[in-house]
Amino acid sequence: MFQFRRIGWSLFCVMLIAACNRNAATTGHATATPPPDTTAAAEDISTVQPAELADLLGKSGDKPLLLHVGFKKLYEQAHIPGSEYLGPTTEEEALTRLKQRVATVPKSTPIIIYCGCCPWVRCPNVKPAYYALRDLGFTNARVLFISQNFGADWADKHYPVAAGE
């Protein structure tokens with residue numbers, strides 16, 4: 001029984017990774033295959049851990065600009081309160097919205113981007129958004145470190161969640 005569950009879970013993970021990679025390939029924004037360790041951060045991408053962000057959002061004072069760069073359905077189901085929906089940045093339209101949104105924002109503004117569809121190192125949306133912000137000169141852009149998905153890494157830990165648009 002244990003062996004069957006382990007195989008079933010492994011098969012599920014492989015299918016989820018394949019779906020993320022297929023989405024990247026079909027949108028014309030395929031990236032190099034990320035490292036197999038989904039807990040490791042890419043060297044050139046600055047991340048923030050969910051607990052750190054939740055703590056920051058719970059304090060008084062200035063908050064980072066929170067941008068959801070994932071799929072509309074995920075945003076409608078659950079998102080971080082105060083975050084703005086921009087859409088999946090594998091699509092040029094969403095990248096354009098991102099650039100328009102930050103056009104008047106000071107380059108030192110803390111910006112947190114997240115999607116939550118899958119482990120962030122395999123996510124087709126966070127990397128295009130992060131690199132666009134970096135290329136625009138933003139020095140405090142970070143990616144929310146999602147090791148599994150938004151539900152497991154944020155909502156299930158009872159961090160603040162909003163639903164709807």
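**Close-up views of a predicted model**

**View 1. The segment of residues 21–41 in the predicted model.** Over residues 21–41 the pLDDT stays under 50, and for this segment the model has 26 contacts beyond four places in sequence. The pLDDT also stays under 50 over residues 1–19, for which the model has two contacts beyond four places in sequence. Where pLDDT is low, the predicted coordinates should not be read in detail. Helix 1, which spans residues 2–26, has the lowest confidence in the protein, at a mean of 45, whereas the highest is found in strand 2, residues 65–68, at 98. For the protein, the mean pLDDT is 82, and 74% of the residues reach 70 or more.

View 2. Among contacts between residues at least 6 apart in sequence, 71% join residues that are at least 24 apart. Of the 165 residues of the protein, 39% count as buried, and the accessible surface comes to about 9100 Å², with 57% of that area belonging to carbon and sulfur atoms.

View 3. Within helix 2, which covers residues 50–58, Pro50, Leu53, Ala54 and Leu57 are buried. These four residues lie on the same side of helix 2, because they cover an arc of only 100 degrees around the axis. An α-helix has 3.6 residues a turn, so residues three or four places apart point the same way. The buried residues of helix 2 pack against strand 1 (47–48), strand 2, strand 4 (111–114) and strand 5 (141–144), and also against helix 6 (150–153).

View 4. Rolling a probe the size of a water molecule over the atoms shows where empty space is left. In this model the count comes to one cavity of 30 Å³ or more, and about 30 Å³ of space lies in the largest cavity. The lining of the largest cavity is made up of Ile113, Tyr114, Cys115, Gly116, Cys118, Trp120, Cys123, Val126, Val143, Leu144 and Ile146. Strand 4 and strand 5 are the elements that give two or more residues to this lining; strand 4 and strand 5 are also among the elements against which the buried residues of helix 2 pack.

Technical notes. Residues numbered from 1 in each chain as written. Predicted model: local features only at pLDDT ≥ 70, side-chain atom pairs only at ≥ 80, totals over all residues. Heavy atoms only, no water. pLDDT = per-residue confidence, 0-100. Contact = heavy atoms within 4.5 Å. Buried < 20%, exposed > 50% of the residue type's maximum accessible area, 1.4 Å probe, protein only. Arc of directions from axis to C-beta. Areas by Shrake-Rupley, 256 points an atom, 1.4 Å probe, with all protein chains shown as cover. 1 Å grid on protein atoms, 1.4 Å probe; cavity = no way out; pocket = protein on both sides within 12 Å on 5 of 7 lines; lining within 4 Å. Points joined across faces, edges and corners; volume = space filled by probe spheres on them.
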